[in-house]
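Here are some notes to read alongside the structure, meant for someone opening it for the first time. Please keep the view at hand as you go through the points.

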Amino acid sequence: MSATTGEWPPKCHENPDTALVVNEGVEQPPIINPYIKNFFKKKPSLLSVEEYMAGITSGNTTILSQAITLVESNLPAHREVAQKIIAACQEHAVKSGIKSMRIGITGVPGAGKSTFIEAFGSFITSKGHKLAVLAIDPSSEKSKGSILGDKTRMETLCNDPNAFIRPSPSAGSLGGVARKTRETVILCEAAGYDVVFIETVGVGQSETAVHSMSDFFLLLMLSGAGDDLQGIKRGIMEMSDMIAITKADGNNVEKASMARALYANALHLFPPTESTWVPTALTSSSVTKEGLPEILAKIEEYFELVKGNGYYEHKRRQQARFWMYESINESLKNSFYENPVIEKLMVDYEDAVLEGKMESFIAAGELLEKYRSLNK
């Protein structure tokens with residue numbers, strides 16, 4: 001049977017002067033892949049601000065993710081659109097009277113932050129809340145990349161229709177909080193998420209960044225890891241509204257109870273908080289779910305207190321002022337580095353510093369002076 005036509009006998013090329021018979025054979029495919037065009041599709045164009053807002057407010061997580069990507073982008077064109085989206089979301093929040101719970105979560109390495117967030121997040125959504133989790137992954141100092149693997153460790157929460165998880169790179173931000181996290185919070189609230197978790201990279205005095213964008217600060221600690229009070233800075237404990245001792249299950253229950261008592265006593269040594277809230281320490285287990293209802297009850301008690309005495313609005317206004325100055329600093333920095341004249345001069349000054357011909361402080365001073373002269 002012919003390989004190309006399926007006919008019998010097969011067609012062939014016969015030469016009367018020889019007994020050799022040559023079949024036509026199998027038809028060869030084209031040299032160029034006919035589907036190659038599919039690999040070079042045009043990048044999707046940006047939507048209008050109205051289209052982004054319609055998608056965000058309707059709960060479309062795909063549009064919400066695209067808008068967050070614009071917020072995180074450093075491209076000037078993306079920043080311009082992102083600022084308009086943020087302004088529209090803030091206006092929507094004012095009209096809708098959105099009063100969300102922004103909860104910052106941090107902890108020592110190995111405390112089980114991701115496991116706790118999945119267990120506690122599932123418990124929160126079971127109570128009728130919509131939860132957004134902004135997980136910050138540390139960026140490599142060498143490659144500048146991030147794994148962004150928190151979603152793989154939160155399989156149950158990922159499949160929860162009332163939960164939205166967004167991992168973001170820290171990108172060298174102080175305190176392990178992405179620079180654009182606060183704007184992302186605003187977008188999530190406009191999408192209807194009334195509880196927002198902001199997970200940071202780890203513990204340190206620079207964690208003031210997450211404190212400046214959250215209403216409630218939850219610190220996760222691990223019992224039996226040496227001198228419990230020595231392993232943490234005083235500053236981070238002073239900012240904490242609650243300490244949760246994780247992994248309080250199995251043989252670790254007694255150690256967790258002892259650690260809870262230790263931290264509870266330590267918290268009482270700090271001066272009274274401006275909100276009049278008295279920080280406390282509790283134990284929890286992400287495996288047995290023990291302690292999760294008590295933690296949520298304490299958080300709700302806190303919000304009832306601060307909304308009643310006016311501290312909730314006061315703190316939000318103070319945070320807005322703080323981020324106004326942070327935005328100014330960020331814009332000034334971008335204006336400096338994106339200036340085409342400075343960009344060209346930077347190469348020469350950098351070479352001079354590397355070759356030891358000029359001190360770094362002098363080079364910085366001259367570059368700044370040239371930048372000021374350009375803006376006179």
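**Notes on the predicted model**

1. Let us begin with confidence, given as pLDDT (the predictor's confidence in each residue, from 0 to 100). Helices (H or I, at least four residues) and strands (E, at least two) are DSSP runs, numbered from the N terminus. For the protein chain, the mean pLDDT is 82, with 78% of its residues reaching 70 or more.

2. Two stretches call for care. The pLDDT is below 50 over residues 143-148, a stretch with 14 contacts in the model beyond near neighbours in sequence; contact means heavy atoms within 4.5 Å. Over residues 226-231 the pLDDT is also below 50, and that stretch has 10 contacts beyond near neighbours in sequence. Where pLDDT is low, the predicted coordinates should not be read in detail.

3. A word on how to read the rest. This is a predicted model, in which local features need pLDDT of at least 70 and side-chain atom pairs count only at pLDDT 80 or more, while totals for chains, interfaces and linings use all residues. Residues are numbered from 1 along each chain as its sequence is written, and side-chain values use heavy atoms, leaving out hydrogens and water.

4. Next, please look at helix α2 (residues 61-72). Which of its residues are buried (under 20% relative accessible area, 1.4 Å probe, protein chains only)? They are I63, L64, A67, I68, L70 and V71. Seen down the axis of α2, the buried residues fall within an arc of 155 degrees (taken from the directions from the helix axis to the C-beta atoms), so they line one face of the helix. At the start of α2, a side-chain oxygen of N60 comes within 3.0 Å of the backbone nitrogen of T62.

5. Leaving aside neighbours within four places in sequence, L187 is in contact with residues including L64, A67, I68 and V71.

6. Finally, compare two residues. T181, in helix α6 (residues 181-190), is buried, with a relative accessible area of 3%. D348, in helix α12 (residues 340-354), is exposed (over 50%), with a relative accessible area of 51%.

Methods: A polar contact is a pair of N or O atoms within 3.5 Å; within protein, one must be able to donate a hydrogen and the other to accept it, and residues adjacent in sequence count only if both atoms are side-chain atoms.
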